[in-house]
Amino acid sequence: MSKRVLVGVKRVIDYAVKIRVKPDHSGVVTDGVKHSMNPFCEIAVEEAVKLKEKKLIKEVVAVSCGPQQVQETIRTALAMGADRGIHVEVTGNDYETLGPLQVSKIFAALAKKENAQLVILGKQAIDDDCNQTGQMTAALLDWPQGTFASEVALDGDKVKVVREIDGGLETIKINMPAVVTADLRLNTPRYATLPNIMKAKKKKIANVKPSDLGVDLTSRVEVVRVDEPPQRQAGVKVDTVDDLVGKLKESGRI
Amino acid sequence: MHRAINKTHLRQLTGLLQRFQSTLVVVEHNNDKLTPITLSAITAANKLGGEVSCLVAGTNCAKVVEDIAKVQGVKKVLVAQHDAYKGFLPEELTPLILATQLQFSFTHICAGASAFGKNLLPRVAAKLDVAPISDIIEIKTPDTFVRTIYAGNALCTIKCNEKVKVFTVRGTSFEPAATEGGSASTEEVSASSSAGLSEWIEQSLTKSDRPELASAKVVVSGGRGLKSGDNFKLLYDLADQMNAAVGASRAAVDAGFVPNDMQVGQTGKIVAPELYIAVGISGAIQHLAGMKDSKTIVAINKDPEAPIFQVADYGLVADLFKAVPEMTAALQK
């Protein structure tokens, strides 16, 4: 098997952090805030590494777009078992306005350049909550998409994907090359062990610029402002179930 | 004086632009019934001020077309019936939408932010080379939208300068359009030939007599505190007394108590019922993202420090195994 998988990994504010909106309403505070790999991207990396362990693919390439710090995220993927990394360097204003459209153009260009047969991404990033990049990458490549995957099985030149949909699950079969996006229940990502973290330091991360890939980063979407959501009024504690039912009846909820 | 003239002029111009606006709503259905979120998408589309068309694609469209033609605010229903649309695969629907766009030049294309809409619209947007906007909760102007980011912990106002605005609509943020009183014309659009990249195999849907989670008026949700799948029966009994849907936290889904389509949260369903009862749920950021716009929130938890109490209108610090059956009994009276 000579198949190659491209895995997209995004560096985001850690999922457990309570975010703060900047006083000038231009965004959220990111300086000095704990960042880590987007949880859905971890699942994508785990799935790619598992496919390699089953000897169904030959090489796993982890890709991240952003400033210098995203190399840490790529290192994490390498420590989990990815073979090499590609850092697509995007900084300054370009990084501020970097969205799924631009990222999908980068991934599509890299997938072709690297001759990948599969692109695995998380279903959404927990910062922008867009849930777009995988679908858009598939569109730009004219490849089929298996989104919100909870089960992935390679079957010759096809991929069987069980998808999480609103009413339950659905199974589709898509041609390779393909794009798959990982849902939470696809797998449980492994922890990188210390020896593997040490080994990951020796693995190569190539540096690429979007212009090398012929990708224009112009964005036609502007963030006008970012606000705190309305705060809920403090509630009351009730002592008994009867009190609770009484209160709900009073307020007309039951 | 000059300013006054300019203002009037501007207003006329805006009016003119709005008249030229036209929106396509991609209808979600199962070849038999319209999915309720489409009605919310139609309401959002009507807020834009232009003409609203709906596209119904599927293997069997007649009944859905009949229903959608009666929905208030719909001007035209475009119909594409073909076997290629089996399973509503995005590889097949995208060329159809692009062909429709070429023919009618819509300024806006939208759908509900369900698994269907989220799967399809970004693919359409990429093909149009535009950045889509996900899960909007408000329309300020035809090019300015509000959506949540960071699991609902910030509201982001976005101005979209794309030639076509492609967006998905949060169902709970827009009232469903009335299903009577409309009289739309119907028009067939030519189905494209099959792309043949993907194949729909099967579906396994969770069957239930309870109302659908995303649109239920009352939701009872359970978390890790339920301890087992069997114990969820306590919640089903309570839900039955209130004609409520039953939801769950990620912990309950991961522990295998209930199937994942019951998950409420950032990565599950977003609900905003009149009454949300969280039982044995701590209230992690990711769960709150899916329910904190509920009108009234009730928390039943034995841990008085649980974060859920910070958003609950009524909190009961108690053992759920005692409190829930008591509540069920109290409602039976």
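Predicted model: local features only at pLDDT ≥ 70, side-chain atom pairs only at ≥ 80, totals over all residues.
User: Which residues of helix H2 of chain A are buried?

Analyst: In helix H2 (residues 70-80) of chain A, the buried residues are Val70(A), Thr73(A), Ile74(A), Ala77(A), Leu78(A), Ala79(A) and Met80(A). Buried means under 20% relative accessible area, exposed over 50%, and partly exposed in between (1.4 Å probe, protein chains only).

User: And chain A as a whole? How many helices and strands does it have?

Analyst: Chain A has seven helices and 13 strands. Its C-alpha atoms fill a box of roughly 65 × 45 × 40 Å along the principal axes. Of its 254 residues, 53% count as buried.

User: What share of the contacts in chain A with a separation of 6 or more comes from residues 24 or more positions apart?

Analyst: Such residues account for 70% of those contacts in chain A, where contact means heavy atoms within 4.5 Å.

User: Now Lys18(A). Is that residue buried or exposed?

Analyst: Lys18(A) is exposed, because its relative accessible area is 61%. The residue lies in the loop between strand E2 (11-13) and strand E3 (35-37) of chain A. Leaving aside residues up to four places away in sequence, Lys18(A) touches Asn153(B) and Ile285(B). Lys18(A) and Val33(A) are 15 residues apart in sequence and 9.7 Å apart in space, C-alpha to C-alpha.

User: Let us turn to helix pairs. At what angle do H7 of chain A and H9 of chain B cross?

Analyst: The axes of helix H7 (residues 241-250) of chain A and helix H9 (residues 320-332) of chain B cross at roughly 50° and come within 9 Å. Axes are lines fitted to C-alpha atoms, for helices over the stretch in contact, and angles run from 0 to 180 degrees between N-to-C directions. H7(A) and H9(B) are therefore oblique to each other; angles under 35 degrees count as roughly parallel, over 145 as roughly antiparallel, 65 to 115 as roughly perpendicular and the rest as oblique.

User: Which residues meet there, in H7(A) and H9(B)?

Analyst: Val241(A), Asp242(A), Leu244(A), Val245(A) and Leu248(A) in H7(A) meet Ala323(B), Glu326(B), Met327(B), Ala330(B) and Leu331(B) in H9(B). By class, this contact of H7(A) with H9(B) has eight nonpolar, no polar and two charged residues. Ala, Val, Leu, Ile, Met, Phe, Trp, Tyr, Cys and Pro count as nonpolar, Asp, Glu, Lys and Arg as charged, and the others, Gly among them, as polar.

User: How do H5(A) and H5(B) lie to each other?

Analyst: The axes of helix H5 (residues 133-141) of chain A and helix H5 (residues 115-127) of chain B come within 8 Å and cross at roughly 45°. H5(A) and H5(B) are therefore oblique to each other. The residues of their contact divide into seven nonpolar, two polar and three charged.

Key
Residues numbered from 1 in each chain as written. Chains lettered and ligands numbered in written order. Heavy atoms only, no water. Helix = DSSP H or I, 4+ residues; strand = E, 2+ residues; numbered from the N terminus.
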